[in-house]
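Let's take a walk through this protein together, with the model open beside the text.

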Amino acid sequence: MSCGACLGVPEATTPDPGALVSRPAPAAATTEPARFSHEEETTSVLAALRSPAKLRTEVLAGLVVALALIPEAISFSIIAGVDPRVGLFASFTMAVSIAFLGGRPAMISAATGAIALVIAPVVRDHGLDYLLATVVLGGLIQVVLALLGVARLMRFVPRSVMVGFVNSLAILIFMAQLPHLIDVPWLVYPLVAVALAVIVLLPRVTTAVPAPLVAIVGLTVVTVAAAVAVPTVGDEGALPDSLPGLVLPDVPFTLETLRVIAPYALAMALVGLMESLMTAKLVDEITDTHSNKTRESWGQGVANLVTGFFGGMGGCAMIGQTMINVKASGARTRISTFLAGVFLLVLVVVLGDLVGLIPMAALVAVMVMVSVATFDWHSVRPSTLRRMPRSETTVMVTTVAVVVLTHNLAIGVGVGVLAAMVLFARRVAHLTNVVEVPTDVADTKVYAVQGELFFASSNDLVTQFDYVGDPARVVIDLTAARVWDASSVAALDAVVHRYAQKGKTAEVMGLDGHSLDRHERLAGHLTGAH
């Protein structure tokens, strides 16, 4: 049984191959229209509203996510140095806003630890109003970056970095549960074990109700009825008893204020977008559907604008809660995201006393199973590691190590992408060859250059010619090569110049359109080429 199944994903979320085969398609049909039709049906709000089973899945998923959001939002508020209501209100406004504005259905956005770490110095040094101004400015920056096409940069994130991102995320989710398992009453451990058993075993009996919800409600009833003294959600912090209201940051509108908040706003915008886009890409793979990354980018920005003006600490996509929503509960539409925010507000404002009774052991068990389901176990199998190129494994391990050490997914992804670029350039640099080509032309020698010429591969180009022993005329044939940058043009100039110093003529020929245009524009005009 898969990890997704053990978390209670309804069987209906996986297409039945037999059912697909039993419906013959017209001969002219292609798989592309069917794929998009499947996506629309999977993520459509109207389709979910028409189907009682799908709607039940979305509603229950939203409830489970809301319950898991409460202690997380309180914890992140503590990290940021603000009152718990600031984090809880941020989670409400982010979830509800992104349900309408976001480009990835079923993805959960709320207050996050990464954002809390970025903005904590603002609260410590300047107070809450400067924090709200930072969130508003960060949202504006995200909108601008979205309009500039920042989402297109996702194509430069290689698979090895994505695998490292997923694995490090699973490790961070698990590590975040350890404080709730250390120095606690001994009864916490059997409660966690029981909750884990429910989450793993219940889906084998029924998937009508998400197993995590059953574990949370069941353990709450048991601990309250037996008067068991264990840590609860209420112990994490005070829950608000009023609705969020419109707040304007009480800061002077001066360049000095901008100087204070701009660095933190930019960092918040970049971290938030990177985590959100990486999470959207992950959900795309899990659900076999596509998302609008540009819409998600500016949607995050607008959601942070709304959050800042309603007294929230800002946020971005929450990977752990998204995995609960998509993997553990089987949600696929915006309904679950919207209801997660609504349920969160209702639970903390109206039912705060009851929510405060939920034992942390139940939520810890849910998050532990999420971490197990999130980790890509196939990527660390010995057979996979033996088959995978060392450079790919190095990039994955580097990404995981940096994320775990810094507790910052954005930094880890950035370092992973940089490592992948360096290793790729190093590998491609050795694929360029210079070979002699036989010719019947008297007093002439022909060299054929094969491969891609760029800054890494062209450095050794100059040393691969026999300047002293070659005849008076040398032809350098680049038909099987491509010139990609100024470094390559400079290297070719250096070769021609060294032959000229020996009283010989070197001709460069065989360039394709783009390479020829680049060579004609730059040849002889680069500093240090001669």
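**Salt bridges, spaces and a surface patch**

At 31% relative accessibility, Glu 507 counts as partly exposed (buried means under 20% relative accessible area, exposed over 50%, and partly exposed in between, with a 1.4 Å probe and protein chains only). This is a predicted model, where local features need pLDDT of at least 70 and side-chain atom pairs count only at pLDDT 80 or more, while totals for chains, interfaces and linings use all residues. Residues are numbered from 1 along each chain as its sequence is written, and side-chain values use heavy atoms, leaving out hydrogens and water.

Glu 507 has a partner: it forms a salt bridge with Arg 473, with the closest N and O atoms 3.0 Å apart (a salt bridge is a side-chain nitrogen of Lys or Arg within 4 Å of a carboxyl oxygen of Asp or Glu). Glu 507 lies in strand β7 (residues 505–509) and Arg 473 in strand β5 (residues 473–477), so the pair ties together parts that are 34 residues apart in sequence. Helices (H or I, at least four residues) and strands (E, at least two) are DSSP runs, numbered from the N terminus. Arg 473 is partly exposed, with a relative accessible area of 31%.

The structure holds 10 salt bridges. In another of them, Lys 293 meets Asp 284, the closest N and O atoms being 2.6 Å apart. Lys 293 is buried at 18% relative accessible area, and Asp 284 is buried at 11%. Arg 104 joins these two in a network of salt bridges.

On a 1 Å grid over the protein atoms alone, a cavity is a set of points where a 1.4 Å probe fits but cannot get out, and a pocket is an open set with protein on both sides within 12 Å along at least five of seven lines; lining residues have an atom within 4 Å of a point. Grid points are joined across faces, edges and corners, and a volume is the space filled by probe spheres set on the points. Helices α6 (84–101) and α15 (334–349) each supply at least two residues of the cavity lining.

Now turn to the second largest pocket, with a volume of about 770 Å³. Of its 31 lining residues, the closest to its centre are Glu 72, Phe 76, Gly 113, Leu 172 and Ala 176.
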